[in-house]
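Here is a predicted model to work through. Each question asks what stands behind a label.

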Amino acid sequence: MMDNPVTSKPERGKTLVLVLTLLNTVLVAAISALGVDATIRANQGNRDSQYFAIQASGSLIQAGYKSDYDLNTFSRWLGDTQQGLIAGYSGLLQQAAGDQPGFERLTLESQIYQAKADKARSLSVFFVDPAYAPAPNQDQPDFNTYMSDLYASSNALVTKQNSASDAYHHWSSKSDSYVAILTVLAVAFFLLGVAQMAQPRIRMLFSIFAIVVMGIGVLWTLILLVS
Amino acid sequence: MEQTKEKGSRLEIWIAILIALVSLTTALAAWRTANLGSTAGDKVYQGLLDSVKRQAAANNDWQQAYQDAGYERDYLVTLNGVIAQEKSTDQASQEQAAQLRKNLLPGMESLANPTSSKPFAFTSAGLLDVQQRFDQLQAQSSDLSGLDPQASFDLADSFYKEQRWQVVGTILITISLFWLGLSQLSHLRSRVLILILGILVYGFGLVWSVGVEVIFFLQRAGA
């Protein structure tokens, strides 16, 4: 009587299943570690994003106060200069009309306004800072450069905040994918378990299924690692 | 034959005890790993709260500093006008200047320094030094401005770092549990070999976890 090779070797293929199980365990362990790492990086990105957002809002508030002060100082200079010019011009008109006391009163008024305007000018960033001071052939300070400098710090913080936010989304998405891969590998564990219990011929079939599922998990992990 | 059977049964009991021990260790390691993540999260939360509080204090101090600068500017501009009046030969204007100096200017000057006893400083370019006033105000509100969110973030990073390493230990212990379970179920002659492998992995995982815990505890100076 000829021996049925299947029934005569019930342990056949069990070593392969064992090796595959060990391999799957190592894969699960490695992917769990990668998942934890991705979660940690996502948390750090989220934290940095919130921290920079707080700083950016503070920087914008400070820029608001600064521009308010600087523009008020400039407008103070402008107002006093114009008042002084008007008083001086009116004085000249009074003098032309023969009103000498009126001329003297308005000239003094003009001098007072001019003194105030001179002080405001000396306190204004638009005249003191060479970066914004009017060029010799221009009347107006360089407001465009001022505005650009004013928000430079806030813009830099917003850029940092955006990149931290992008990092958060990147790592959070990776972390979710690792959870999905672990689920796939859990399916491989189930298939290997069934293979271990099954008849040798069926065992091979389940082992192949498990290898395919493990392959999907490994491929997905590799894609995640290079992305 | 009987002796071999008895030996096998005794080994099964030892493996069962070992599995129970490793299960407890796995649970403990998993708890510690999760706990580290949670502690790091708490530190991040604390750091973010501190940064909100510190930023709110800074916003308030910037507002105060620029408000003071505005009052100081108005005072200095008015003072220059008063000086021009004083220099004039007009009697009425001189009298008006004297009244302004006596009744208006002191009030304007005190408005510019409501919280600081120090007068407003000037930058080397001659502008009002708002940054210095801000620094003075920050020093006065040191309970909020002195908050250090970065310290909490650094501590959180340390816990996250420990969590990363602790995960490796937990995984090793979990793998050892798998091998011990396999040795219990196995009827192969390689049972003892699998058992030794499980014990070795468990020992390595345990030493790793304890080592990580000790190193980070010392690194954080007991925190």
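Q: Which exposed residues does the face of α3(B) turned away from its buried side carry?
A: That face carries Gln131(B) and Ala139(B).

Q: Which residues of helix α3 of chain B are buried?
A: In this helix, residues 130–140, they are Val130(B), Arg133(B), Phe134(B), Gln136(B) and Leu137(B).

Q: Why are they said to be on the same side of α3(B)?
A: Because they cover an arc of only 160 degrees around the axis. An α-helix has 3.6 residues a turn, so residues three or four places apart point the same way.

Q: What makes Lys43(B) count as buried?
A: Lys43(B) has 23 C-beta neighbours inside 10 Å. The cut-off is 20 or more. Therefore Lys43(B) counts as buried.

Q: Where is Lys43(B) found, and what is it in contact with beyond four places in sequence?
A: Lys43(B) is found in helix α1 of chain B, residues 2–87. Its contacts, leaving aside neighbours within four places, are Ser152(B), Leu155(B), Ala156(B) and Phe159(B). A contact needs C-beta atoms within 7 Å.

Q: How far apart are Lys43(B) and Asn80(B) in sequence and in space?
A: They are 37 residues apart in sequence and 54 Å apart in space, C-alpha to C-alpha.

Q: How many residues of chain A are in contact with chain B, and which element gives the largest share?
A: 37 residues of chain A are in contact with 37 residues of chain B. The largest share of chain A's side, 24 residues, comes from α2(A). That side divides into 16 nonpolar, twelve polar and nine charged residues.

Terms used. Residues numbered from 1 in each chain as written. Chains lettered and ligands numbered in written order. Predicted model: local features only at pLDDT ≥ 70, side-chain atom pairs only at ≥ 80, totals over all residues. Buried ≥ 20, exposed ≤ 12 C-beta atoms within 10 Å, placed from the backbone. Helix = DSSP H or I, 4+ residues; strand = E, 2+ residues; numbered from the N terminus. Arc of directions from axis to C-beta. Contact = placed C-beta atoms within 7 Å. Nonpolar A, V, L, I, M, F, W, Y, C, P; charged D, E, K, R; others polar.
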